[in-house]
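Biologist: Please put the model on screen. Then we can go through the sheet, the helices and the ligand in turn.

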Amino acid sequence: MTVADRAAAGFHQVYAQPPAGRWAAPGRVNLIGEHTDYNDGFVLPFALPLRTVAAAAPQPGETWTVWSELTGETVDFGAAEVTGAGRVTGWAGYVAGIVWALREAGYQVPGARLAIASDVPLGAGLSSSAALEAAVLAALVDLGGLDLPAEAQPRLAQRAENHYVGAPTGIMDQSAAIRCRAGHALFLDCRTEQVEHIPFDLNAAGLAILVIDSNAPHRHVDGEYAARRNSCEKAAALLDVPALRDVPTDGLDDTLARLPDDETRRRVRHVVTENQRVCDTVELLRARQIQQIGPLLVASHTSMRDDFAITVPEVDTAVEAALAAGALGARMTGGGFGGCVLALVEADHSDTVANAVTDAYARRGFTAPTHTTVTPATGATRLD
Ligand code: ADP
Ligand code: MG
């Protein structure tokens, strides 16, 4: 059964009625631009064909009921739970958070019953949380006839995750889940929140992106993330700029010489060069030269490994094995310390590259990786 059918079947089973409609929102992968978001920089995500679907129908009063296939659980909440942040905990908090954020923004949110099914793996760095938020938001906006344009939706979903759930995320995940277009990557300026749809038609070029879950155990992700963020903020203050986004690539060595230690210099060099790589990638994609972005992906990985120090052996092994097997480019994607690797491959070469990574893992005694081949899909949409 497709994920959309599973959402409808779940809805029938839980509520003994058909849904009024179904809304889907995708997971995402970031093509390039890592740890640039909180430095007011650039990112270039695209939507995955893996989606979360919310089947929904109105329900009387200010009451909401949500079921997820994932847990088999049904959670109810009412107005009292969405007048303050954090009152619904666990997975349903992402749903209550959307209701809360809409109400905070002055919208009259319709009572609703929802059934959620998803193909986005959880906690793999493919942003199942934003997919859930975006699917629920799209459903509530349509059911209530709310006047909330797509441009304004990412900010609202981000508020739900930051303030209601309490997870500090940037604007990328929600922007991708809501605003991506099929066959395009989303060039997002994290300072202005301006987006531009950049042609990224892998199918037409006979290419694909192989997404490999490194299956590396999580290692102190939150603490390391906070440390990187802290280094960047301190460096920006030392360099007297609002954010590292404002450090020009020209004369970078002279700028770095003004910093007190080698570690800080490396952190800054990653962010500044990574922003430049995003812009260079966009230029190549605009010129329809997808094949040419491979070296930028590789340079991004090297920078994350050597300067930003956020990769782990499993991830480095996957990148090396993919390149050795003929991938045009490969890099870790996501915050680091595990998560996924993406490789740009000839479409008919995808299995060869995936098998090479699996073999390299076996030789090193790592837990076997999992993989999927993707091309850029659409953002949140109503299905029926
Ligand atoms: P990621 O977004 O990288 O997948 P997060 O930790 O940000 O990881 O979000 C994962 C959380 O989102 C899950 O622990 C769960 O609470 C919630 N979630 C995502 N998808 C679903 C779903 N289909 N059903 C229930 N909860 C979900
Ligand atoms: Mg998330």
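Modeller: First, a term: a polar contact is a pair of N or O atoms within 3.5 Å. Note also that this is a predicted model.

Biologist: How far is an oxygen atom of ligand 1 from a polar backbone atom of Gly125?

Modeller: The cut-off for a polar contact is 3.5 Å. The Gly125 backbone pair falls within that, at 3.4 Å.

Biologist: What share of ligand 1 does the protein bury?

Modeller: Ligand 1 has 16 residues around it, with Ser68, Gly123, Ser127, Ser128 and Ser129 coming nearest. Alone, ligand 1 exposes 570 Å². The buried share of that is 78%.

Biologist: Which strands are the edge strands of the sheet?

Modeller: The sheet is open, with six strands and mixed pairing. Its order is β5-β4-β6-β3-β1-β13. An edge strand pairs on one side only, which leaves β5 (73-78) and β13 (381-382).

Biologist: In β5, what is the bridge partner of Thr63?

Modeller: β4 (residues 63-68) and β5 run antiparallel, joined by six bridges. Thr63 has as its partner Gly78.

Biologist: At what angle does helix α3 run to β1?

Modeller: Helix α1 (residues 3-15) lies across β1, β3, β4, β5 and β6, at about 140 degrees to β6. Helix α3 (residues 128-144) lies across β1, β3, β4, β6 and β13. Its angle to β1 is about 150 degrees.

Key: Residues numbered from 1 in each chain as written. Chains lettered and ligands numbered in written order. Predicted model: local features only at pLDDT ≥ 70, side-chain atom pairs only at ≥ 80, totals over all residues. Heavy atoms only, no water. Pairing = 2+ DSSP bridges. Helix = DSSP H or I, 4+ residues; strand = E, 2+ residues; numbered from the N terminus. Contact = heavy atoms within 4.5 Å. Axes fitted to C-alpha atoms, helices over the stretch in contact; angles between N-to-C directions. Near = heavy atom within 4 Å. Polar contact = N/O pair within 3.5 Å; in protein donor to acceptor, adjacent residues only side chain to side chain. Areas by Shrake-Rupley, 256 points an atom, 1.4 Å probe, with all protein chains shown as cover.
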